[in-house]
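My notes follow in the order I looked things up.

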Amino acid sequence: MNQVLKEEVQGTATILDRTEKSYKKLYLESYGCQMNFSDSEIVASILDKHGYQTTRNFEESNLILLNTCSIREKAESTVRNRLKSFNALKKNNPSLIIGILGCMAERMKESLLEEEKLVDLVVGPDAYRDLPRLLVEVEDGHKSVNVLLSREETYADISPVRLDNNGVSAFISIMRGCDNMCSFCVVPFTRGRERSRNPLSIVAEAKELYKNGYREVTLLGQNVDSYRWNVNKKGEIINNENPTTDFAELLEMVAHVDPNLRIRFSTSHPKDMTDKVLHTMQKYKNICNYIHLPVQSGSSAVLKKMNRGYTREWYLGRIDAIKRIIPGCAISTDIITGFCGETDHEHKETISLMNKVKFDFAYMFFYSERPKTLAQRKFEDDIPLETKKARLQEVIDIQREHSLESNKRQIGNVVEVLVEGPSKKSNDFYCGRNSENTMIVFPKENVKKGDYIFVRIKDCTAATLKGEIVLS
Ligand code: SAH
Ligand code: SF4
Ligand code: F3S
């Protein structure tokens, strides 16, 4: 073999070696809210550039990362139990790295390393750019922690690797943190101060998603109504104190990306949701007729103790505004039962608010005391667990009736559906959502993911509508 050829062959062999060996396997599991799932896509992107490919099989992984949630005690105990299931794996493969990301990492910091011996790495939500460096530390035999919170980090320049995704709908984070200090809530401690992301980077991400076949984006923030950014009309960032892009304007900018790109958002805050946002929703057909507006309690006294910044009457006023400006808009909510000192009467006020509003959907929880929160420091967690649970069951039963009623009203209607793919239960059926965010199941015909079709609703359960395609 002549010299040149030999070198070429050797060169190729080296390159092959490098690609095969240097790609390590990352197993990433996410818990908690949509923002955490969205963060995992940023983590996957950061680590992809440092030689890690994601795998769905943790048994073949070199690195296991759990992106955790602290919102309720149960969320944390789920993660601790999950960690136990990696015990044997780590014993057989001591070089396996196990890391905790997200809110539990931020809340517990170094103490997680003491309490969970399996864990090598603890990284808070604002420190993901540091992951490659931290991993090198762990590879060198040290346990590693970075839980610094930031006032600026929005990961705006990082293009997320879309994980476990249907290829039709995707999340876009528009802000991070929360400044609200609801007394029950751990989020301000785990996510830090509120900051908004450059709207131009948000629009660019939406355009890129549309180009790649996505047809729905959900704009994410703990309180999207307090989104703000300073930027002039030419798109140049200016340095004054006045917000020049508010949430309504951001919605409008994203709505202009393409009329076939649906826009959703979460979460709205009753104290901050403006009529301007509602009018913008009404103006653009591609902004979905759906608002998630967590009420937490129907009692003004409880809301005050929760530090939510609104009363029952204010909340009902916001509901009236939605119904007036966007007739037919679906509304969902979050409810907490058994908050500190909640009386039977106050619980009944929540029930009466539910009966007044008739939410289309709700996420319901019993109160779980969280360390360091205002409620933990100031109030006694004095409602017995059985009472909290009984109240929760009552709320769940009522909501199921309301969801069923809401779905029954759809029977006979023809609704526009964005096709998401095969339904969970059967490959003969496809599923997708209407603008109001209800899941609709229909026999698979000649349609594909990402198509907009019309479905006549024939039947329903409390959770799902069932129908037949009338036009595609
Ligand atoms: N930012 C959103 C909610 C984020 S947390 C908002 O302000 O509405 C999601 C939901 O979890 C909350 O709306 C609340 O209903 C519930 N939650 C938060 N802390 C809780 C706690 N300590 N116990 C029980 N539920 C809680
Ligand atoms: Fe928590 Fe309140 Fe912030 Fe929502 S608005 S994340 S409930 S502090
Ligand atoms: Fe949980 Fe953190 Fe989200 S506490 S709900 S993962 S912001």
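**Salt bridges**

I ran the salt-bridge count, and it comes to 38. The model is a predicted one, so I read each value as computed from it.

I looked at Glu-29 next. It forms a salt bridge with Arg-82, and the closest N and O atoms are 2.8 Å apart. I noted where the two partners sit: Glu-29 in strand β1 (residues 24-30), Arg-82 in helix α3 (residues 73-84). The pair links distant parts of the chain, 53 residues apart. Glu-29 counts as buried, at 14% relative accessibility, because the cut-off for buried is under 20%.

Then I turned to Asp-39. Its salt-bridge partner is Arg-176, with the closest N and O atoms 2.9 Å apart. Asp-39 lies in helix α2 (residues 34-48) and Arg-176 in strand β8 (residues 175-176), so this pair ties together parts that are 137 residues apart in sequence. I found Asp-39 buried, and Arg-176 as well.

I took Lys-109 and Glu-106 as a further pair. Their side chains meet in a salt bridge at 3.8 Å, N to O. Lys-109 is partly exposed at 30% relative accessibility, whereas Glu-106 is buried at 1%. I then traced shared partners. Salt bridges of that kind join Asp-39, Asp-126, Arg-176, Arg-191 and Arg-195 into one network.

**Ligand 1**

Which residues are closest to ligand 1? I listed Gln-222, Pro-294, Gln-296, Asp-334 and Ser-368, out of 15 residues that surround the ligand. By class, I get 7 nonpolar, 4 polar and 4 charged residues in this shell. Strands β15 (330-337) and β16 (361-366) each supply at least two residues of the shell.

I went through polar atoms next. A polar side-chain atom of Arg-72 lies 3.2 Å from an oxygen atom of ligand 1. A backbone N or O atom of Gln-222 is 2.9 Å from a nitrogen atom of the ligand. A polar backbone atom of Ser-368 lies 2.8 Å from a nitrogen atom of ligand 1. On its own, ligand 1 has 540 Å² of accessible area, and the protein covers 90% of that.

**Ligand 2**

I repeated the search around ligand 2. Its surroundings include Cys-178, Cys-182 and Cys-185. I also wrote down Asn-180, Met-181, Phe-184, Val-187 and Pro-188 among them. Gln-222, His-269 and Arg-308 belong to this list too. By class, the shell has 7 nonpolar, 3 polar and 1 charged residues.

**Single residues**

I checked Ala-105, found in helix α5 (residues 102-108). Ala-105 is buried, with 0% relative accessible area.

Asn-407 came next, in helix α16 (residues 385-408). Is Asn-407 buried or exposed? I get 5% relative accessibility, which means that Asn-407 counts as buried. Its side chain reaches the backbone oxygen of Ala-462 at 3.1 Å.

**Surface patch**

Val-414, Phe-454 and Val-470 make a nonpolar patch of about 210 Å². Phe-454 lies in strand β20 (residues 452-460). I find Phe-454 partly exposed, at 31% relative accessible area. Phe-454 can therefore be a patch member, because patches take residues with over 30%.

Methods
Residues numbered from 1 in each chain as written. Chains lettered and ligands numbered in written order. Predicted model: local features only at pLDDT ≥ 70, side-chain atom pairs only at ≥ 80, totals over all residues. Heavy atoms only, no water. Patch = residues over 30% accessible without salt bridge, like charges linked within 9 Å, V, L, I, M, F, W, Y side chains within 5 Å. Areas by Shrake-Rupley, 256 points an atom, 1.4 Å probe, with all protein chains shown as cover. Salt bridge = Lys/Arg side-chain N within 4 Å of Asp/Glu carboxyl O. Helix = DSSP H or I, 4+ residues; strand = E, 2+ residues; numbered from the N terminus. Buried < 20%, exposed > 50% of the residue type's maximum accessible area, 1.4 Å probe, protein only. Near = heavy atom within 4 Å. Nonpolar A, V, L, I, M, F, W, Y, C, P; charged D, E, K, R; others polar. Polar contact = N/O pair within 3.5 Å; in protein donor to acceptor, adjacent residues only side chain to side chain.
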